[in-house]
Structures are given as C-alpha cells and as structure tokens.
Amino acid sequence: MKITRENIDDLNAVVRLTVEKNDYEATVNETLKEYRKKAQMPGFRQGKVPAGMVKKMYGQSLLAEEVNKVISKSLTDFIKSEDLDILGEPLPNDEETKSIDWAKDTDFEFVFDIALTPEINITLDKRSKLPYYTIKVDEQAIDNQVEAFANRFGENQPAEKVEEKETIKGSFVQVDAEGNEVADGIKVEDVTLAVDMIQDEEVKNSFIGATKDFEIVLNPKACFANAAQMFKVEDAEALDTTFKFVAEEVLTFVAHEVNEELFKKIYGEDTEINTVEAFRAKVKEEIEASFVYSSKYRFGVDARESLIKKAKFDLPAAFLKRWIVLTNKELTTEKVEEEWSNYEEGFKWELIKNKIVKENEIQVENQEVLELAKEAALMQFRQYGMFDVKDEYLDQYAASILENEQERTRFAERKLEEKVYDLILDKVNAEEKEVDQKEFDALFED
C-alpha cells in the first residue's frame, strides 16, 4: 500500500492511494475458497464447482469489496498516524482517480479530497464583555400563572343561560325545509359545541341568551370548521344542509378557587403551602427558575454569535458544501448554497465548542445526562397537569427515555453544550441587565 498526502492550501489536501495486488490477493483467494465450499450449480455436487467458474461468478465483486475495505482501513490509519484533524470525511476525487477495469487491473490508484480543520484562537477572560439578561418577575406575571393554575384545575358546571364562552351538550338531526326530521337522515348524539367557535355570527347570536332545552336550526358546514370531525363523517359536503340542534345542557367553565384544595392538586397532598401568600411566593420562585433557563438560553445565543465573530477563521466551504450534499440525499447543491450561511455558522460553532471542550477537559457524566432527562420529563408531565410526580417514577421514566441511543446522545450533547455556556459565563465579564418579559421577548425579534 502506497499512500501520500499533498496539501492544496491550509484547509484542503489530497490523499493518493495505490492498492497493490499483495494488499488484497490472499484475502480474496481465501474468500473464493469459502464460496466454492458452499457453491451449488447444476451438474456439480456442493463444494465441487470448479474454482475457475466460482472466480468467474464472484471474483470481480469480491475484489471490489476487498479493495474498498483496504481503502477504508488505510485512510483511517493514515489520518490517525498523521494526526490529521479533518472535517467531514474523505471524498473521492473523481477527476484525478483513474478509471478501473476490475477484470484486468491488478493495481488500483485512488485519490481522495480531505478538509483540514482551521486553526482557531479563542480567548475567554474578563476582557470579553457579554450581556446577561435577567427577567423581572412582576405581579402581573404571578397573576397570570395563578390564573393559569386555576383554569387548569377548573371545570364545567351547569348554567341556566348561554353566554358567549359557554359550551352546550346536545344532539343534531337532519331536517327538511319545514323542520321535519328527514327519514334515514344524519343523526348525531352527545355532541359538545363551544359557542365562541361558531363561525356564522347570526347563528352564534341566536345561541346567546338561550336557556337550556332550546332548539336551533343551522347549517353545520357553514357554522363549524371541524364539522366533519364533529359529525364523524369523511366529507363535510354531506353536512351542507339543514340540521336541528336540540340542546340538553348548558355548561359554563368555572376556574378553581385559589385555596388550599388547589395547592394540594398542584403540589400534592403533603404540600406545606396552605395560604394564598405562600402559594404566590412559590409561583414566583417557579417563574424565577424558568426565567433562569431563558436567561441562560439568551446568553448562549449572544455568546455563540460573539465567539464566531471574534474567532475570524475560514472554512473549506467548497468541500463542505459537496460533503453535505453527498451525505444528505434530500438536499441539492442549490438548496445548500441557498442556506450556506446557516450551515457555516453551525460548523464554526461546533469547532469553537469542541476546542473549548478539549482545552478545558469538559466531560459529561451519566448521572448528569439522567438528571437532564428527569428535568425534561418533569416539564412534560407538567404540561399535562401532573405536578406531584414522585422522584422514583421520574427516575424510571427518564431511564426508559435514555434506553433509546438517539435520545441518550441528544441529551448528552445538550448537557455538553450547557456546560460550555456555563464555563463561558464564568470566564467572561457578564454584564447583568434587568428587563421585563416584553423587553426580553423583543430580543428575539431581529
């Protein structure tokens, strides 16, 4: 095996390989012997097919397969022995690689393009200034969260009269122009409809003010965006006719009273929160904790942007564009070119992040990945109104998530990036700026 490297510039190089007969011959011949033992052909017993026939049938494909194995191993070993820090993976240079005749050639020459990682200089010290936004938790934010909790545990209760926000239970029956039920017409029972979702304003107004056990004639297709789903039919066109709605019950939504019963529903029977003041203090604490995540996320955005700008290094753009297309079948050259600025930023940040990780010996432990998975699981449970989740259940659920290798990798990478941002925050001069929620949200509008 002959292998050499020629640097084109600081970011690109060419690797030339010559695979000679003695690099593959023994392995190919041994494999052909194994094929012969198993080969079955009319007129020959198993294992007695002539070697020449077996070679004619399988020789070229086995040769190509073994040569590719030799190339792959040789490239890997060469990159390791030369201590090359490359981007992507070697790509065949079709222009310089000679055409191959697998039936006649015994030595094969291959040329590969490789991209070299650029030199990156990063300084993290107090001379570097970055904003760190803290979000004020005002009374309005607490009020909004208290209201959200009260609504989450609220319930529908019977009402005497229909208002704009009420829901109504009843049934639909198809009727003719005189209001008589159509024989074999469409009927739907146990329907619940929301008054504020009625699209026809005239029909909506006819509901408002009505008392229970009333009847209203309407066209479902014109009144409801989800008419087909409501009537359990495939085509809403069948509902473009007259129906009578017979109301059976009017319901109004009543938020849960902010009291000790609500506190227990949120935080469990063993909670020590038993006053509105203590509840509001707890809500404030939770909002502040969530705002820390938001603040750190924004700091990460600013840190990433600042470091990419300050590092000032180039990428082997032509190679990377080609590599992206070759490794992503759904992408075209035109699409990659159009979105190159985003790809470029992503590549640069990965290189900067990896350098910070290496220089500071940052590692992610299994327990840290598990804790992050537990945090994600707890947030997921809370979205479904489950707040009092026991630690042992969270442990089991998080562990089950991490059994998926892709999920484990995703959480590990997320934790690694989190630790990188924490290190940057510790090393640079973070200028704290207090803003309200509206001002903070505006930071993401540009």
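Helices here are DSSP runs of H or I with at least four residues, strands are runs of E with at least two, and both are numbered from the N terminus. This is a predicted model, in which local features need pLDDT of at least 70, side-chain atom pairs count only at pLDDT 80 or more, and totals for chains, interfaces and linings use all residues. Residues are numbered from 1 along each chain as its sequence is written, and side-chain values use heavy atoms, leaving out hydrogens and water.

Here are two helices, with expected spans taken as 1.5 Å times one less than the number of residues.

| Helix | Residues | Span between end C-alpha atoms | Expected span |
|---|---|---|---|
| Helix 1 | 21–38 (18 residues) | 26 Å | 26 Å |

In helix 1, Y24, V28 and L32 are buried, meaning under 20% relative accessible area, while exposed means over 50% and partly exposed is in between (1.4 Å probe, protein chains only). Seen down the axis, the buried residues of helix 1 fall within an arc of 70°, so they line one face; the arc is that of the directions from the helix axis to the C-beta atoms. Turned away from that buried side are the exposed N22, A26, K33 and K37.

Now the sheet: four strands form an open one in the order 1-2-4-3, with antiparallel pairing, where pairing takes at least two DSSP bridges between two strands. Its edge strands are strand 1 (2–7) and strand 3 (86–92).
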